[in-house]
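Good morning, colleagues. Please take a moment with the sequence and the structure before I go on.

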Amino acid sequence: MNVVRVTHGAVGYGDRTVLRDVSCAVAAGEVVAVLGANGSGKSTLVRAVLGLVPLRAGSVELFGVPQRRFRQWARIGYVPQRLGAGSGVPATVAEVVGAGRLARRGILRPPGAADRAAVADALRAVGLADRAGDPVSTLSGGQQQRTLIARALAGRPELLILDEPTAGVDAASQEAFAAALGGFVGRGGSVLLVAHELGPLRPLIDRAIVVHDGEIAHDGPVPEPAGHHAADDHDHVHPHCPDEPAGMWSA
Ligand SMILES: Nc1ncnc2c1ncn2[C@@H]1O[C@H](COP(=O)(O)OP(=O)(O)O)[C@@H](O)[C@H]1O
Ligand SMILES: [Mg+2]
């Protein structure tokens, strides 16, 4: 069964077409990375999968159901590309993670034992159990990102959709995130993940999709890092596109 299936999808903004003809899928239990240059349309692809931007052509199915009829959003956890730094909201880590339970319990019902257990589990999974009562604003950028991942995990989703979850995140947070994702996958979860550098995530990835020029340029094994980037601490991945200038993937 496919948890995500995009068939001949086209997406744009205004008179600009970003994705012309994209077909791809994520099977149940699979971890798929979406790679591509900045501006190639990776975020646009995951937002289209989630119905946050409309398709101009083609179709999306979620868990085998056409997206416009899909209602089981609690089956999907989503972490968008970046957390607005210093939003000024004095929420604690546990409150933010608890928001991940809203789709499960409904806004008007107070959190119960199952909600508290799910929040505690998610905080443990990302290594932030000891920060539960702290304001999010006191965390590092990487810890804030881990808080958002814990929020997605707290909903006990079957599919996680993550847009550059480790971009600009310190090494400790990358490792903590990789461990949390490994646990999620080990329990049968599926993942669609936009990434620029895979780093410690690399062993978890089953398949890579490379978005290039409005289409899928590659769908298969993770492309090998280009030679001059191949050092362990700089694990960029590049598509095999001979016309693509070196360094194009650098932020
Ligand atoms: N809301 C928007 N309105 C107009 N253009 C957008 C919007 N979001 C993204 N774009 C444009 O669409 C293209 C693809 O963006 P995006 O999907 O964010 O790329 P990526 O995630 O691969 O960096 C970029 O040229 C970007 O400027
Ligand atoms: Mg993006």
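Let me begin with ligand 1, whose surroundings consist of Tyr13, Val18, Gly36, Asn38, Gly39, Ser40, Gly41, Lys42, Ser43 and Thr44. Please bear in mind that this is a predicted model.

I turn now to the protein as a whole. There are six helices and ten strands. Of its 251 residues, 38% are buried. If we take contacts between residues at least 6 apart in sequence, 69% of them join residues at least 24 apart.

My last topic is helix H6, which runs over residues 171–186. Its 16 residues span 22 Å from first C-alpha to last, close to the 22 Å expected at 1.5 Å a residue.

Which residues of H6 are buried? They are Ser173, Gln174, Ala176, Phe177, Ala180, Leu181 and Phe184. These residues lie on the same side of H6, because they cover an arc of only 165° around the axis. As a general point, an α-helix has 3.6 residues a turn, so residues three or four places apart point the same way.

What do the buried residues of H6 pack against? Their partners are helices H4 (113–125) and H5 (141–154), together with strands E7 (159–163) and E8 (190–194). On the face turned away from the buried side, H6 carries the exposed residues Ala171 and Gly186. After H6 comes Gly188, with a positive phi near 100°.

Terms used. Residues are numbered from 1 along each chain as its sequence is written. Chains are lettered from A and ligands numbered from 1 in the order in which they are written. This is a predicted model: local features need pLDDT of at least 70, side-chain atom pairs count only at pLDDT 80 or more; totals for chains, interfaces and linings use all residues. A residue is near a molecule or strand if its C-beta atom, placed from the backbone, lies within 6 Å of it. Helices (H or I, at least four residues) and strands (E, at least two) are DSSP runs, numbered from the N terminus. A residue is buried if 20 or more other C-beta atoms lie within 10 Å of its own, exposed if 12 or fewer, and partly exposed in between; C-beta atoms are placed from the backbone. Two residues are in contact if their C-beta atoms, placed from the backbone, lie within 7 Å. The expected span of a helix is 1.5 Å times one less than its number of residues. The arc is that of the directions from the helix axis to the C-beta atoms.
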